Amino acid sequence: MLPKLTFRQWVGYAGFAVVFILTAAVAVWRGDILRAGLDPQVPFQTYVPPPAPDYTTRKPWALYEARVAGAGEAAVFFVHSTTFDGGREWNGPIGAPASDAYLRRVVLPNYAGPFARAGAVSAPLYRQASLYSRLTLRDDAREARAFAYQDVLAAFDNWLTRHPDGPIVVAGVEQGAELLDRLLRERISPDPAVRDRLVAAYLMDVIIAADRVPANIPACTTRRELHCIVAWSQVGDNDDSAGRRRFRRALIWDDKGRLVELNGRAGLCVNPITGTTDVAPVPERMHRGATNATGLEWGARPALMTREVKTQCRDGLLRHSWPNLESFRDGGSWSDRRKARPYNLFYGDLEADIADRLTTYRLESANP
């Protein structure tokens with residue numbers, strides 16, 4: 001016969017069971033719990049957004065005409081990725097300390113850095129949609145993402161007044177690239193004076209509908225082409241589940257400035273290693289360099305690991321191999337792992353791409 005348990009033993013076993021169940025629940029639903037904690041819990045229609053930035057002042061610019069020694073003649077407009085997690089706000093306020101710290105430590109050195117030697121780089125702060133808005137397809141989240149566009153448009157127009165002539169480059173990553181997709185269609189494409197100065201647009205790590213690209217700013221088909229788009233969304237070579245998730249969660253702009261489902265449209269893929277839409281596999285020997293530039297000061301050029309990554313544009317996504325190096329492992333908090341990666345697999349390739357296109361721009365300008 002089993003010994004009779006005392007009251008204290010019953011309490012102890014019951015407590016252990018509760019702790020075990022809670023631990024298991026957190027392990028299974030941790031993502032849902034953390035995601036729910038970022039939900040503003042108010043409809044966007046009744047939400048009061050943070051004050052609008054004044055782009056005539058220096059304050060709302062993370063980079064303001066930043067030049068490195070030996071930089072070229074281009075003016076670069078860079079729109080950063082999601083750095084604001086969320087919580088009470090659908091859209092992040094300008095100057096949020098944690099958001100700005102992540103931007104300067106991770107995003108700018110890894111993603112604006114490849115364009116530093118092209119010319120003067122400017123990167124506006126804007127009332128970005130929160131990370132939460134990118135983890136759900138709710139209408140409130142779509143409106144928050146669309147709301148951010150007005151700031152990027154205002155920043156771009158202010159930036160253009162400082163650069164009335166000469167070559168221009170626009171570049172963005174993740175949310176920033178999504179906003180530039182609309183800017184290209186609504187602001188740059190209809191204006192020949194601006195469009196003719198566009199060396200190229202770089203839309204990094206975002207799904208763009210191939211049939212929504214402006215006819216007069218097409219996908220780049222050669223490394224010497226001008227007035228074109230280099231865009232891709234990257235996933236691991238054999239990570240089909242990640243590819244399906246990307247397409248399932250993708251939203252694109254319609255003609256009314258709303259974000260709508262992709263609905264089976266093909267994604268645009270311009271391979272950053274070749275700068276073309278060629279779908280042939282690209283071997284590691286053509287790769288010009290990956291780097292983890294996180295923490296570097298602006299203007300410091302990172303060491304590049306070349307011949308590390310093979311790629312292929314396949315089914316509207318950029319499929320790539322992974323460098324077998326510790327510095328290219330995703331880390332950080334749960335929210336950080338859902339933002340743009342804290343390294344750039346194509347840093348050297350982007351440097352070379354913009355350098356080639358600027359060379360073409362100079363030649364064409366000298367021989368109109």
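Residues are numbered from 1 along each chain as its sequence is written, and side-chain values use heavy atoms, with hydrogens and water left out. In this predicted model, local features need pLDDT of at least 70 and side-chain atom pairs count only at pLDDT 80 or more, whereas totals for chains, interfaces and linings use all residues.

The protein chain contains eight helices and 11 strands. Helices (H or I, at least four residues) and strands (E, at least two) are DSSP runs, numbered from the N terminus. Of the 368 residues in the protein chain, 53% are buried; buried means under 20% relative accessible area, exposed over 50%, and partly exposed in between, with a 1.4 Å probe and protein chains only. The protein chain exposes about 16700 Å², of which carbon and sulfur atoms supply 56%. Accessible areas come from the Shrake-Rupley method with a 1.4 Å probe, and for residues only the protein chains shown count as cover. Among contacts in the protein chain with a separation of 6 or more, 78% are between residues 24 or more positions apart. A contact here means heavy atoms within 4.5 Å.

Six strands form an open sheet with mixed pairing, in the order 1-3-2-4-5-6. Two strands pair if DSSP finds at least two bridges between them. At the edges are strand 1 (61-66) and strand 6 (228-232), each of which pairs on one side only. On average, neighbouring strands of this sheet are turned by 15° against each other, direction ignored. Axes are lines fitted to C-alpha atoms, for helices over the stretch in contact, and angles run from 0 to 180 degrees between N-to-C directions.

Within this sheet, strand 2 (residues 74-79) is joined to strand 4 (residues 168-173) by five bridges in the parallel sense, and Val 79 has Gly 172 as its bridge partner in strand 4. Helix 2 (residues 97-112) packs on the sheet and touches strand 1, strand 2, strand 3 (119-124), strand 4 and strand 5 (198-204). The direction of helix 2 makes about 40° with that of strand 1. Helix 8 (residues 347-366) also packs on the sheet, touching strand 2, strand 4, strand 5 and strand 6, and its direction makes about 160° with that of strand 5.

Strand 2 also runs parallel to strand 3, joined by four bridges, and Phe 77 stands opposite Ser 122 in strand 3. Six of the six residues of strand 2 are buried. In a regular strand the side chains alternate between the two faces of the sheet. In strand 2, Ala 74, Val 76 and Phe 78 point one way, Ala 75, Phe 77 and Val 79 point the other way, and all are buried.

In soluble globular proteins, nonpolar side chains tend to be buried together. A nonpolar core is a set of buried Ala, Val, Leu, Ile, Met, Phe, Trp, Tyr and Cys residues joined through side-chain atoms within 4.5 Å. The largest nonpolar core has 83 residues, and Phe 77 and Phe 78 have the most contacts inside it. Not counting residues up to four places away in sequence, the residues that Phe 78 touches include Val 107, Leu 108, Val 121, Ala 171 and Met 204. A second, separate core of 12 residues includes Phe 44, Trp 90, Leu 131 and Tyr 132.

Another open sheet is formed by three strands in the order 7-11-10, again with mixed pairing. Strand 7 (234-236) and strand 10 each have a single partner strand, so one side of each is left without a neighbour in the sheet. Neighbouring strands of this sheet are turned by 35° against each other on average, direction ignored. Strand 7 and strand 11 (residues 317-320) run parallel and are joined by three bridges, with Gly 236 opposite His 320 in strand 11. Helix 7 (residues 240-249) packs on the sheet, touching strand 7 and strand 11, and its direction makes about 155° with that of strand 7.

A search of the whole structure finds two disulfides, a disulfide being a pair of cysteine sulfur atoms within 2.5 Å. In one, the sulfur atoms of Cys 220 and Cys 228 are 2.0 Å apart. The torsion about the S-S bond of Cys 220 and Cys 228 is about 90°, so this disulfide is right-handed. Both Cys 220 and Cys 228 are buried. In the other, the sulfur atoms of Cys 269 and Cys 313 are 2.1 Å apart, and the torsion about the S-S bond is about -75°, so this disulfide is left-handed. The pair links distant parts of the chain, 44 residues apart: Cys 269 lies in the loop between strand 9 (259-261) and strand 10 (311-314), and Cys 313 in strand 10.
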